[in-house]
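Have the viewer open as you read.

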Amino acid sequence: RLALLPTAMAAGAAVLFVHGPDAVSGRRPSSGALAGRFVVAARALAPGEVALRAPALGALLHEQHQGRRCDWCFCALGSTSGGAGKSLRCSRCKVVFYCGRACQEADWKAGHKIECGARSVLEQALEASGLRGGDAALKDALLAARCVRASSAAAATTATSEGSSSRSGLLSDLETLEGRLEADEQSVFRHIADVVATSVPQLLPGAAEGSAAQAVFDALCRFRNNNFAVVDELFLALGAGCFPHAAALNHSCAPNCLLAYELTPGQAPHHVVRVMENIAEGAELTHSYVELALPSWERQASLQEVYGFSCACSSCSSGAHTLTDTKLVAGAGDVGAVLRAPSGAYAEYASAPPPRCPLPPAPPSPERDAALARADALINEAAGEEAAEKELNLLNTVCRLRSRWLNPRHMDLAEAHAVAHKAAMAAGDWAEAAEHCQRVVEQYLEVYPVWHPMIGIQMHVLAELRESAGASKEALSWYRRALDILRLTHGEKHSMVEDLRGRLRE
């Protein structure tokens, strides 16, 4: 029998968590994932609605953002009125930074008072133990300990709450990969757990050494397929987080929801599940686990390798993506697929085409393969070029070479236009930036759902570039289209949405 539990995190009981030992056989998730849990709409949901909102069980800012963003709320330092433009740094460990006093106090209560002195001890212990990838191991250990502490506290609160029917949001809600991991990876997790338990037992107060090690190991096994990259408004990764509620959503290559984050001074990052399409009562809520711009066979391979299932969503089962797949790999004139072999050489592809590719290899062409090899060499050269104008010239040549031999929507040509757009922006060449940005928008419209935030963000950029060139009528059209998307993906009150409305009024 299916267990349907309303979540307290969703206003108006927007969703129901479905779980139980026979949930798959009773009501199969649309993704085809062999999971015993998924999320359905408790009522009809409309585009733009927030179906789910909840804080992280634990989150950790990426090292490259430390000193530039708040370690508690992930907001940019100096960007909040509460911080009066000044950042605060922990005077003890001198590692973490905050945008204001509220975040510093919240983090201290949440666990920094435990981590402050223990972090350096843990880092030294991991290094002394001979574990490779010490920085990644340190992050995994800290995040695991944070989530174990938070989960234990939440479990205790739930146990003493009478009549609580809300989903707990505990580590135990997450599927574990223990027993299915490769021996080497499992050994690393055991190693990290043992170091935490023996060198910094204060990270898990009240736990015996053996149970502490097992708790950390269990958390790491659950992180493997369930943790998220916490992203900013441009969907650039800022850190990692554990969100048990959001992890209940299954994958679809034709998702009806978007997972985003709210970063607010004074509080930990919150995940927000926004509805992007009309969802009927009882229908499943899904989001994408993989990059949707990839050909379907690459998405399938990634899902199988990382998550262990073959996608059976509506897009994959119906073949709806076949035409786009063809464009992503076709040579000029659609005479066949032009792809790199694992070695990186185009000429070797014919001997080992990827499975599920809708096109046979294009006929041999030494001239084409030489031109594309030259384009690859130039894009590598451009990556090391410090002068923005020279970089842009190299990338323009790459675009010309690939345009001659590849379909206009080929993923390698799209990559070249995207890189060239960034180079043109850096060089201050707005005309070139606009032309490459236009190609990027066209590519996004081909590979993403019409509501995808990357389309809206790129349309916003294109509108600004067209406006700066005096093409006001065209800019107005792009501003309107960007607004239609970003008001759904970011919310009506987001600063980008308000900026767009202001530009349209002007």
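## Confidence and ground rules

This is a predicted model, where local features need pLDDT of at least 70, side-chain atom pairs count only at pLDDT 80 or more, and totals for chains, interfaces and linings use all residues. Residues are numbered from 1 along each chain as its sequence is written, and side-chain values use heavy atoms, with hydrogens and water left out.

The protein's mean pLDDT (the predictor's confidence in each residue, from 0 to 100) is 87, with 86% of residues at 70 or more. Residues 1-11 fall below 50, yet that stretch has 34 contacts (heavy atoms within 4.5 Å) beyond near neighbours in sequence. Residues 21-27 also stay under 50, with 14 contacts beyond four places in sequence.

Strand 8 and strand 9 (residues 237-242) run antiparallel and share four bridges. V230 has G239 in strand 9 as its bridge partner.

## Positive phi, no glycine

K94 isn't a glycine, but its phi is near 60°; look for K94 in the loop between strand 6 (88-89) and strand 7 (97-98).

D334, also not a glycine, has a positive phi of about 55°. At 45% relative accessibility, D334 is partly exposed (between buried, under 20% relative accessible area, and exposed, over 50%; 1.4 Å probe, protein chains only).

Conventions: Pairing = 2+ DSSP bridges. Helix = DSSP H or I, 4+ residues; strand = E, 2+ residues; numbered from the N terminus.
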